[in-house]
Amino acid sequence: MENRSHALLAGLFTLLLVIAGAIGAVWVSKKNVPLIPYELVASSPVTGLSVQSAVRYQGVPVGRVQSLRFMPDKPGQVRILIGIDPNTPLTESSWAEIVTAGVTGISNVELRDDGKSKKRLVSSADKIQDIPIRPSFLERLQTQSEEILPGLDRIMDQIEKITSDQNINSLQTTM
């Protein structure tokens, strides 16, 4: 009988310790810093971006995506509300890009600054500031490929003419 009471006490102690550890982990992981809202308006697809997606400034995590909504007055555009740590040095020359992380298809918001302005971008819940979105690498590549393809077609036509059967026979005769 005495062994059972010790086992019961040991089990209760272990259970309380696990619960206290879980509560402590949740408490430590939560940041109590209020995030400053900023708005992005995307006219291109935001595939892979979701609420709670990471927001990074120059590669450093600084916030989260808070909401994604369609713009009611502008069809085809998406309003992205992000929350940023107040210590993030956003300036008027800061811009955003939606990037896909690896092969998972999950997207994040990358904030960058080209250093042209030193004036801080001030936002508040009453007056939310816009951050412009620039096309991602893949969007730029797609746009440029549409311009490059006709040139590649002309080059392929020239290669086909050079490697025609008649030219190859002439080359073999010459050699």
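**Salt bridges in a predicted model**

A search of the whole structure finds 4 salt bridges. Keep in mind that this is a predicted model. Side chains of opposite charge can pair when their charged atoms come close. I will go through three of these pairs in turn.

Start with Arg79 and Glu39. Their side chains meet in a salt bridge, at 2.3 Å from N to O. Arg79 sits in strand 4, residues 78-84, and Glu39 in strand 1, residues 36-42, so the pair links parts of the chain that are 40 residues apart. Are these two residues buried or exposed? Arg79 has 18% relative accessibility and counts as buried, because the cut-off is under 20%. Glu39 is buried as well, with a relative accessible area of 14%.

Next, Lys119 and Glu92. This salt bridge has an N to O distance of 3.7 Å. Both residues lie in loops: Lys119 between strand 6 (106-113) and strand 7 (129-130), Glu92 between strand 4 and strand 5 (94-101). They are 27 residues apart in the chain. Lys119 counts as exposed, because its relative accessibility is 54% and the cut-off is over 50%. Glu92, at 46%, counts as partly exposed.

Last, Asp114 and Arg134. In this salt bridge the closest N and O atoms are 3.5 Å apart. Asp114 is in the loop between strand 6 and strand 7, while Arg134 is in the loop between strand 7 and helix 2 (137-162). The pair links distant parts of the chain, 20 residues apart.

Notes: Residues numbered from 1 in each chain as written. Predicted model: local features only at pLDDT ≥ 70, side-chain atom pairs only at ≥ 80, totals over all residues. Heavy atoms only, no water. Helix = DSSP H or I, 4+ residues; strand = E, 2+ residues; numbered from the N terminus. Buried < 20%, exposed > 50% of the residue type's maximum accessible area, 1.4 Å probe, protein only.
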